[in-house]
Amino acid sequence: MRQPLICEFRALFLANLGVIVPFGLLLFFFPRGTDFYWTWTIPEPRSAMLIGAIYLAGVPYYLTAFFENDWRQVENGLGGLILFSLVLLAATMAHWNAFKPYHPITLVWLAFYYGGPFLVPVFYHLQIERLGAAPDEGVRLAPTARAWLIGRGVFYAVLALLGFIFADAIAEAWPWAIRPLELRVFIGQIAVVSWAGLIAIRGRLAWSWHRLGLLLTGAIGAIQLIGLLIGPTPYSGSSPLGAFPPLLFGEWLATPVVLFILYRRR
């Protein structure tokens, strides 16, 4: 049985759309103008596109969540949103000197990423209090699918942690000139993908629990692959990590596609 979202969640999703749509479009399609519209200047256009991809990918996620209005599909992904916000807040604190202090866009950035970790738990408890917990019913994931999701979740969680810690060294081997700040902000996307797998550990195996989170991670992978192809500056495939981004983004896209094919009619 479908449980609707409380009005607070629906309002939050609309507010998030109001932020991610313009900034996603600007970062991805106008990556050379960050000095004008972004909270810090990103000198390399490919890095701006790398960051903007998740904002564009969030559009189908939030629209689907809003219009399907199904708490069971939304609940498992909320932790990923909090994790993403916390990673970006940590990156902000580590590189605050690069930000434009008290600039209106910087204030929007801070409100957006402080608001998520604060509001989502409050709204979560309101949802449970008003409508109760969503039942774990429907088509179940096969054991192999669950094992794959858990394995990739653990892998990406470790990758995100190590990537955040050693961002300076990784930046030196990246296939284009990227700074540790942009790399650490990108790590938030890896954290989101890790959450989409780690939730399978909780034992909730109905396909509907995982569908929306996989839609998000698949969209991130697809948009990132497009960004690699249309990026306006050189990409060094011969660099130590030259093969890493396409392999990474390809997996982000492939796993959701395979699972959606397997479970689309079930």
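**Entry 1: helices side by side**

I began with two helices and found that α3 passes α9 in a left-handed crossing (the near helix is turned anticlockwise from the far one by less than a right angle; clockwise would be right-handed). The model I am looking at is predicted, so I take local features only at pLDDT of at least 70 and side-chain atom pairs only at pLDDT 80 or more, while totals for chains, interfaces and linings use all residues. Residues are numbered from 1 along each chain as its sequence is written, and side-chain values use heavy atoms, with hydrogens and water left out.

For α3 and α9 I noted an angle of about 30 degrees and axes 10 Å apart (axes are fitted to C-alpha atoms over the stretch in contact, and angles between N-to-C directions run from 0 to 180 degrees). The helices themselves are DSSP runs of H or I with at least four residues, numbered from the N terminus. α3 and α9 are therefore roughly parallel to each other (under 35 degrees; over 145 is roughly antiparallel, 65 to 115 roughly perpendicular, the rest oblique).

Next I looked up α3 (residues 45–68) against α10 (residues 207–230), and their axes lie 8 Å apart at an angle of about 150 degrees. These two, α3 and α10, are therefore roughly antiparallel. Their crossing is right-handed. In the contact of α3 with α10 I listed 17 nonpolar, four polar and three charged residues (Asp, Glu, Lys and Arg are charged; Ala, Val, Leu, Ile, Met, Phe, Trp, Tyr, Cys and Pro nonpolar; the others, with Gly, polar).

**Entry 2: the largest pocket**

Which residues lie nearest the centre of the largest pocket? I found N16, Y62, L81, S85 and F112 there, among 22 lining residues. On a 1 Å grid over the protein atoms alone, a pocket is an open set of points with protein on both sides within 12 Å along at least five of seven lines, a cavity is a set where a 1.4 Å probe fits but cannot get out, and lining residues have an atom within 4 Å of a point. I wrote down a volume of about 340 Å³ for this largest pocket (the space filled by probe spheres on points joined across faces, edges and corners).

I then asked which helices build the lining. α1 (7–29), α3, α5 (78–94) and α6 (104–131) each supply at least two residues of the lining of the largest pocket. Of the elements, α6 gives the most, with seven residues. I sorted the lining of the largest pocket into 17 nonpolar and five polar residues, with no charged ones.

The largest cavity holds about 100 Å³ of space. Its lining has 15 residues, and G77, W195, A196, G213 and L216 sit closest to the centre. Two or more lining residues of the largest cavity come from each of α5, α9 (180–198) and α10. The largest share of this lining is five residues, from α10. By class I noted eight nonpolar, seven polar and no charged residues around the largest cavity.

The second largest cavity has about 60 Å³ of space. Around the second largest cavity I found V19, F23, W38, T39, Y55, I105, V108, W109, F112 and Y113. Both α1 and α6 give two or more residues to that lining. With five residues, α6 gives the most to the second largest cavity. This lining divides into nine nonpolar residues, one polar and no charged.

**Entry 3: rings**

I counted 30 aromatic pairs (ring centres of Phe, Tyr or Trp, by its six-membered ring, within 6.5 Å; planes under 30 degrees apart are stacked, over 60 edge-to-face, the rest tilted). I checked F99 with W109: the ring centres are 5.9 Å apart and the planes stand at 55 degrees, so this pair is tilted. F99 is in the loop between α5 and α6 and W109 is in helix α6, so the pair ties together parts ten residues apart in sequence.

**Entry 4: positive phi**

Where is N69 found? I located N69 in the loop between α3 and α4 (71–75). Phi of N69 is near 55 degrees, a positive value although the residue is not glycine. I also noted Y102, another residue that is not a glycine, with a positive phi of about 65 degrees. Y102 has its place in the loop between α5 and α6.
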